[in-house]
Amino acid sequence: MAALGAPRCLWRCAAAPLGLPRAGRALAGSRGHGQDAGSEADKKESHATKPCFTDEAVQSLLYKMTGLDLQKIFRPLKQELKPPTYKLMTESELAEATRKAIQEAKELLKMSPVLSEREPIDDVLAEDRILEGTETAKYVFTDITYSTPHRERFIVVREPTGVLRKATWEERDRMIQVYFPREGRKLVPPPIFKDENLLTVFREDRHEDILNLCIAQFEPDSANYIRVHHRTYDDIDKHAKYHLLRSTRHFGGMVWYLVNRKKTDGLLIDMIQRNLMDDATCLVSLYHILHPDCQSAKAAKDQVLHGVDLIKVFMKTESNRIGYIELALQAYQEALASSAAL
Amino acid sequence: MAASRGLVLLRTAAGNLPWLAPLRRLFWAQTAPAASLLRLQHPLLRVFSTEADPATPAEPVAFDTESRFKEKPWEYLETEEYIERYGEKPVWFGYRRNHKGAIPPQKTRKTCIRGKKIAGNPCPVCRDQKLHLDYRNVKLLEQFICSHTGVTFHPTHTGVCMKQYKRLTQAIDKARDHGLLSFRIPWVTLQDEDYSNQHQAVAKTPPAPSLQSQAPWYSWYEWQQPPEKDIARIRKIYKNYLKEETGPA
């Protein structure tokens, strides 16, 4: 671009080597499955460094825990009503329709990425002091080539002082929304994302709605996205409303957040109370993957435990609410025994 | 003021038809408590007097209800007065527009209140001055949204004037923005984008050498002493016009 002029080509060779030290963090953040170079590097590194959200093992565990309640995923929404359609199907046709529904549900349950917060941009490209006093407003120059990805778009700001700098992340998001508007995204984030209004929303149990709004409005690595998600997860954990997010695409992110901060007790109790033993064992194994140095992980590796024994060992060593978990387990086992007796 | 006009009409109507006096709830006049007080104080004397009413009849000063409900509009929906008037039904229930023919015009009137004049048969929101369309009284706003589809009713359905309808839609949007009203969220899937932030446009660019070394951006921003030869040459040309020697500024 003409504005940047000659000095940029000098920096291109300087900029390339700087990319490498950030590879570890950046690649960990990217979404990829199997074939990408990024996740291969992750698999190699996973023994040495922390496992990532996008690892195959982690993703499979999270999907198992999310569940697949078709009644909840395809529940009727408030929309313009039209008369219902009825179809007469044979058993095989019904099975085929259910299979298609499950496939579509899996698409709808694709988790949104969990990334670390993006680093702020504050690079000065040029300083033309001769322009000081000529203008009273900032000028924003945006590259509006249709084919460039938004993350590769150059957006620069000329200040009234004559300084030419790169636009900050907020300015970037705003300009890209102006020229390439996305559906569901507003130019100015609505006040619903402020902390006091979030409380109103949580009181009405609309956690899934606010998370969907957040995905529509913010980029996954922006500070607001991360803050809203963390507030929502904290509120759910505080009031034990885990069932609100089950069978939605946000459940995986919530479990990841809780396990990273070792706040799994409430979730474990909830799972046991709802007789979801497989999910409970998945949760404990995920905990062991993320914190391989803890006592229960080592004990599980030594003794190769499964099922209820795994949970018991975890409960004794890692959890804070041993009493509640014991009670829940007892109730579960009694219910199991009575149903077996029947 | 609309209040005074209502009171005047009420008094003259009561005067003309004494049997109407006990009927408190005249649809088109607001039921201000002071109106009934005035009627009780001067039941007969005022009715048969021929002199015109004084310039400004007494406004309801005691309660100052309008400003009270302006601050907290949701309180009016719990008062006895509201329940007596509307019951469980929405405020627009039972309102009938006056128009010629079977099919109503597809736009309601532009506004019920122009300056000090009120139109006949004002719309459900204008006829009750205690109803305030505020983004905070969600119960009132919900009455204008269909509970099955989530769509705001068309003004021909509820009978509100266009000005109030515009204020209503603004209040509904503001309530949705503040999280007080629930609505259907558009479903947005995140495309598989590259979030590595390694492209030059968003990654750190090393600053230019002149920025790092605090040198001026263009060399001519600072004073550059010209070479001695050029100075000498110009002095020689303008020898006759030179003033006293002064050093370079």
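**Sheet and helix packing in the predicted model**

Val156(A) has Lys166(A) in S4(A) as its bridge partner. The structure is a predicted model, in which local features require pLDDT of at least 70 and side-chain atom pairs count only at pLDDT 80 or more, while totals for chains, interfaces and linings use all residues. Residues are numbered from 1 along each chain as its sequence is written, chains are lettered from A and ligands numbered from 1 in the order in which they are written, and side-chain values use heavy atoms, with hydrogens and water left out.

Chain A contains 16 helices and 4 strands; helices (H or I, at least four residues) and strands (E, at least two) are DSSP runs numbered from the N terminus. Of the 342 residues in chain A, 43% are buried, where buried denotes under 20% relative accessible area, exposed over 50% and partly exposed in between, with a 1.4 Å probe and protein chains only. Among the contacts in chain A with a separation of 6 or more, 63% involve residues 24 or more positions apart, a contact being defined by heavy atoms within 4.5 Å. Chain B has 9 helices and 2 strands, arranged from the N terminus as α-α-α-α-β-β-α-α-α-α-α. In chain B, 33% of the 249 residues count as buried, and 63% of the contacts between residues at least 6 apart in sequence join residues at least 24 apart.

The strands of chain A form an open sheet of 4 strands in the order S1-S4-S3-S2, with antiparallel pairing; two strands are taken to pair if DSSP finds at least two bridges between them. Strand S1 (124-127) and strand S2 (139-142) of chain A are the edge strands, each pairing on one side only. From one strand to the next, the twist averages 20 degrees. Strands of a sheet pair through backbone hydrogen bonds, in either a parallel or an antiparallel manner.

Strand S3 (residues 155-158) of chain A pairs with S2(A) in the antiparallel sense over 4 bridges. Within this pairing, Thr142(A) has Ile155(A) in S3(A) as its bridge partner, and Tyr139(A) stands opposite Arg158(A) in S3(A). S3(A) is also joined to S4(A) by 3 bridges, the two running antiparallel. These two strands, S3(A) and S4(A), form a hairpin with 4 residues between them, and Gly162(A) in the turn has a positive phi of about 95 degrees. In a regular strand, the side chains alternate between the two faces of the sheet. Both faces of S3(A) are covered, with Ile155(A) and Val157(A) buried on one side and Val156(A) and Arg158(A) buried on the other. Helix H7 (residues 169-179) of chain A lies across S2, S3 and strand S4 (163-166) of chain A, and runs at about 110 degrees to S3(A). Axes are lines fitted to C-alpha atoms, for helices over the stretch in contact, and angles run from 0 to 180 degrees between N-to-C directions.

Helix H11 (residues 251-260) of chain A and helix H4 (residues 56-66) of chain A have axes that come within 9 Å and cross at roughly 115 degrees. In this pair, Val58(A), Leu62(A), Met65(A) and Thr66(A) of H4(A) meet Phe251(A), Gly252(A), Val255(A) and Trp256(A) of H11(A). The residues of this contact comprise 6 nonpolar, 2 polar and no charged; Ala, Val, Leu, Ile, Met, Phe, Trp, Tyr, Cys and Pro count as nonpolar, Asp, Glu, Lys and Arg as charged, and the others, Gly among them, as polar.

Because 9 of its 10 residues are buried, H11(A) is largely enclosed by the rest of the structure. The buried residues of H11(A) pack against H4, H10, helix H12 (265-273) and helix H13 (277-290) of chain A. Just after H11(A), Lys262(A) adopts a positive phi of about 60 degrees.

Helix H10 (residues 223-239) of chain A has 17 residues and reaches 24 Å from its first C-alpha to its last, close to the 24 Å expected at 1.5 Å a residue; the expected span is 1.5 Å times one less than the number of residues. Its buried residues include Tyr225(A), His229(A), Asp235(A) and Asp237(A). The cover over the buried residues of H10(A) includes helix H8 (195-203), helix H9 (207-217) and H11 of chain A. Just after H10(A), a positive phi of about 55 degrees is found at Ala240(A).

Ala297(A) belongs to helix H14 (residues 295-303) of chain A, and counts as buried because its relative accessibility is 9%. Apart from neighbours within four places in sequence, Ala297(A) is in contact with His288(A), His291(A) and Pro292(A).
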